[in-house]
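Keep the 3D view open as you read.

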Amino acid sequence: MRIAAERLADTTLPTAHGTFRLTAYRDSDGHEHVALSLGLADGAGDGPGAAPAAPLVRLHSECLTGDALGSRRCDCGEQLHQALAAVAAAGRGAVLYLRGHEGRGIGLVEKMRAYALQDGGLDTVDANLALGHPADARTYAAAAAILDDLGVGAVRLLSSNPAKEAALRELGIEVVARERLTVAARPENVRYLTTKRERMGHDGPPVDDWEALLSGVVPAAGDLADRYGALVAHAGPLVLAQLGQSLDGFIASRTGDARFVTGEEDREHLHRLRALVDAVVVGGATAARDDCRLTVRDVPGPHPTRVVLDPGGRLPRETALLTDGVAPTIWVVGPQVTCGEDEPGAGLAPHVELVRWPGSWAMDPAAVLDLLADRGLERVLVEGGGRLVSAFVAAGVVDRLFLTTAPVLVGDGVPGLRVEGRDSMAEALRPTARRWLAGEDVVTELVLRP
Ligand SMILES: Nc1nc2c(ncn2[C@@H]2O[C@H](COP(=O)(O)OP(=O)(O)OP(=O)(O)O)[C@@H](O)[C@H]2O)c(=O)[nH]1
Ligand SMILES: [Zn+2]
């Protein structure tokens, strides 16, 4: 049964989008709603044969944080303004501002509790469920009653939510079309937008799969979801390793020329891995030889912290990692290394932290990972050179190894991955493998730890 919505006040409201008729209602639950409308009375007078097109209508759910405070966690504020602009442009229609809908009907305080759970990793649906609420507790009877009062029996609905359309139909309002409002995906809202699409049946424009993965959401299907979804979904510490080598197992020629063993697609893959981890680790000799930057350039995404394991302190002071300032760099040197005339680390750029490897230990992989974990860097990519990656693999600390092979034969040079020799094939390492083509190259992903 329709909740009566009583009309209590009628006035006008000049806004940035034009001057609307503003009508106030109270429903039988005590919620006070407003309708901002334009041209509805005019349209009603068109008479038979010249029936006006159904007006543009938005049922806007109250969202204090988005509508009034400009929150970027959701798309509500932008949708409200787009809807008002669309109705103004059409010259005929209404935006119903529905109270009691805050937090999809669970109220402001509960929505903020849900946000706190989302800060801890839950998505918007699971956060509601964890608090004992339905994913969506809104009802639209008051909205239908208000439309009735405004003389609107058929609408072109501004929404990406098919459930709203169905609810209005149930309540006897004809929905002749549904038109979507588009809000730009941003790092802060992409997870929310993706969850609405993937879990709440919204059919707004798709959020870019890579943006979704960067925000921790795994799209339902697609190459990127297949390749990187498991890494994104993996909770807790994660150690990845990656090497690009020739088919005969070299990462550089015998003069150290490493440009370029694998192709552009593999480099893009490497940049995606970098964007998905907290830190990348390289050996000092490799960093000195390649003067690499270890940043994310081929795809959107954050740069990882760069960690150079350099027992001999060979990294030249003018190298990009120590001078470019674009991402934090941790330079781990052996206990005996002197870094200049003065105090260790004197004169280093502010983005560089110098760590002296304590006393007698070798830079053993597990201890390196502990050092990084102490700094909150738990998702780590070990990316070169061959000896360093092999040492991490041999230490049994790598979860997944991405080994790209390029159809090139180098004959002699800097070796890529090396594992301990076995006497028989039966003893050889044969981990679960997945592979895909990256241009001319083959990426093989080996699952070393389940
Ligand atoms: N519980 C909860 N509510 C939220 C969250 N983010 C936004 N909301 C509320 O969701 C409501 C808006 O609903 P949406 O799901 O964004 O969109 P919709 O109204 O279903 O669909 P559209 O018509 O396309 O906008 C507002 O009342 C917001 O307060 C959240 O993370 N948790
Ligand atoms: Zn909102």
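Two strands count as paired when DSSP finds at least two bridges between them. With that in mind, here is what this predicted model shows. The average pLDDT of the protein chain is 91, and 94% of the residues score at least 70. For the complex, the predictor gives an ipTM of 0.93 and a pTM of 0.68.

Start with the open sheet of 9 strands, whose pairing is mixed and whose order is β13-β12-β11-β10-β14-β8-β15-β18-β17. Its edges are β13 (352-356) and β17 (432-438); each has a single partner strand, so one side of each has no neighbour in the sheet. On average, neighbouring strands here are turned by 20 degrees against each other, direction ignored.

Now look within this sheet at β10 (residues 279-283) and β14 (residues 379-382), which run parallel and are joined by 3 bridges. Ala-279 has Val-380 of β14 as its bridge partner. Helix α16 (residues 386-394) lies across several strands, including β10 and β14, and runs at about 140 degrees to β8 (238-246).

Next comes an open sheet of 7 strands, again with mixed pairing, in the order β1-β2-β3-β5-β4-β6-β7. Here β1 (5-15) and β7 (174-179) stand at the edges, and because each has a single partner strand, one side of each is left without a neighbour in the sheet. Neighbouring strands are turned by 25 degrees on average, direction ignored.

Helix α8 (residues 162-170) lies across β4 (56-61), β6 (154-158) and β7, and runs at about 165 degrees to β7.

Technical notes:
Residues numbered from 1 in each chain as written. Chains lettered and ligands numbered in written order. Predicted model: local features only at pLDDT ≥ 70, side-chain atom pairs only at ≥ 80, totals over all residues. pLDDT = per-residue confidence, 0-100. Helix = DSSP H or I, 4+ residues; strand = E, 2+ residues; numbered from the N terminus. Axes fitted to C-alpha atoms, helices over the stretch in contact; angles between N-to-C directions. Contact = placed C-beta atoms within 7 Å.
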